[in-house]
Amino acid sequence: MALHSMRKARGCWRFIRALHKGSAAAPAPQESLQWKETVTPLNQSSSREELCTTCKNFQLGKKSQKLKDSKKRIFSGIQPTGILHLGNYLGAIENWVRLQDEYDSVLYSIVDLHSITVPQDPAVLRQSILDMTAVLLACGINPEKSILFQQSQVSEHTQLSWILSCMVRLPRLQHLHQWKAKTTKQKHDGTGGLLTYPVLQAADILLYKSTHVPVGEDQVQHMELVQDLAEGFNKKYGEFFPVPKSVLTSMKKVKSLRDPSAKMSKSDPDKLATVRITDSPEEIVQKFRKAVTDFTSEVTYDPAGRAGVSNMVAVHAAVTGLSVEEVVRRSAGMDTAHYKLAVADAVIEKFAPIKREIEKLKLDKDHLEKVLQIGSAKAKELAYPVCQEVKKLETLKGL
């Protein structure tokens, strides 16, 4: 037994020596292995039992500990106006919650400056910022794992936006799809802020030297502008900004319940088209009952041929965590009228605990304000040196 212990200890020492030699000679790995928490400091007086336990903990840590990538930085933002709806939750927020568990450096911003591209009541906007903070916290955004902050509280966003706007040509902004769509909707009466907000969006991302940005399909064109601005700046001044990559959500757009050809939207004038996260169970049932499908009663998944029913199936799969195929299999023999109510029940069940937490958080205004203050201070710490370096490169040092 003693001989076995001695051999085991020698094996552990060989393992540790090899580990230290390897770490000195090998290049930096692509993924940051956070194993320091499971390895106790070693010295010549360490007991055999301590050495064996240390090796065991390290090996277990490699297998079981969830690795986070410290070389990547995630940034994303959401406007505070309007109530978060089912499409926002499934298309963005669920992904945000997952990403904060996978990466060390994650920033989520309530982009209030973007919201003023259309007229806002100041008092309503202030309350909307707090309400959105409550919603994000209730959905699972954790200030201990990510930085949640208010965009306008970090002045470097607008400073960098102005510098970047001097690098982009006017026709480039005028040809962006969202500018065309929104100005058409506003009868060609769009503001300068609406035209240039994609540049502010680029500043939001580049200010933190973000490497990855979770976006929806409708934001891909804006991400191309962000990438072009980063590359243009780097070409002029040398490698400074990482060229950020898009992280497309696995969940496709949730469609309007009243028009399956359009995405679900906060601003849809048809109140039955959008399921809001704060809707009552009765409201959710009513909206799904009135959802547009077709005259075929069978539940199938065919987005091209049966957009309405396929939207129901996609939502059902997303809120239950089941695959589309499994949802369709379990719904065999059910007509679409009854199936819509089954989907409504699943959505109600998903939103119930979130809604309770939102109501609880809204009662504590001081807590919500403190979360934003702390988050904004952390964001400022990251943003300030980057903005100062940009000014130095642009010969604006001291401004």
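## Helix 15

The model is a predicted one, in which local features need pLDDT of at least 70 and side-chain atom pairs count only at pLDDT 80 or more, while totals for chains, interfaces and linings use all residues. Residues are numbered from 1 along each chain as its sequence is written, and side-chain values use heavy atoms, with hydrogens and water left out. Helices (H or I, at least four residues) and strands (E, at least two) are DSSP runs, numbered from the N terminus. An α-helix has 3.6 residues a turn, so residues three or four places apart point the same way.

Helix 15 comprises 29 residues, 365-393, which at 1.5 Å a residue should span 42 Å, and the 41 Å between its end C-alpha atoms agrees with that figure; the expected span is 1.5 Å times one less than the number of residues. The helix bends by about 30° at A383, and a proline, P385, follows within four residues; the bend is the angle between axes fitted to the seven residues ending at a position and the seven starting there. Also in helix 15 is A377, which is partly exposed with a relative accessible area of 40%. Although A377 and Q150 are 227 residues apart in sequence, their C-alpha atoms are 9.9 Å apart in space. Just after helix 15, T395 takes a positive phi of about 60°.

## A buried histidine

H114 belongs to helix 4, residues 112-115, and counts as buried because its relative accessibility is 4%. When residues up to four places away in sequence are not counted, H114 is in contact (heavy atoms within 4.5 Å) with Q79, Q151, Y197, L200, Q201 and D204.

A pair of aromatic rings is described by the distance of the centres and the angle of the planes. Rings of Phe, Tyr and Trp (its six-membered ring) pair if their centres lie within 6.5 Å, and planes under 30 degrees apart count as stacked, over 60 as edge-to-face and the rest as tilted. A search of the whole structure gives 9 such aromatic pairs. One of these is the stacked pair of F75 and Y208, at 5.7 Å centre to centre and with 10° between the planes. Because F75 lies in strand 1 (residues 69-78) and Y208 in the loop between helix 9 (192-206) and strand 4 (212-215), the pair ties together parts that are 133 residues apart in sequence. Both F75 and Y208 are buried.

One aromatic cluster is formed by F233, Y237, F240 and F241. Over the face of F240 lies K209, at 4.0 Å from the ring centre; a charge sits over a ring if NZ of Lys or CZ of Arg is within 6 Å of the ring centre and within 35 degrees of the ring normal. K209 is located in the loop between helix 9 and strand 4 and, at 30% relative accessibility, counts as partly exposed. Most residues other than glycine have a negative phi. K209, however, has a positive phi of about 50° although it is not a glycine.

## Salt bridges

The whole structure contains 11 salt bridges, each a side-chain nitrogen of Lys or Arg within 4 Å of a carboxyl oxygen of Asp or Glu. In one of them K380 pairs with E156, the closest N and O atoms being 3.1 Å apart. Since K380 lies in helix 15 and E156 in helix 6 (residues 156-165), this pair ties together parts that are 224 residues apart in sequence. K380 is partly exposed at 29% relative accessibility, whereas E156 is buried at 3%.

The side chains of D228 and R172 also meet in a salt bridge, at 2.8 Å from N to O. This pair links distant parts of the chain, with D228 in helix 10 (residues 220-237) and R172 in helix 7 (residues 170-174), 56 residues apart. D228 is partly exposed at 36% relative accessibility, and R172 is partly exposed at 30%.

Note on methods: Buried means under 20% relative accessible area, exposed over 50%, partly exposed in between (1.4 Å probe, protein chains only).
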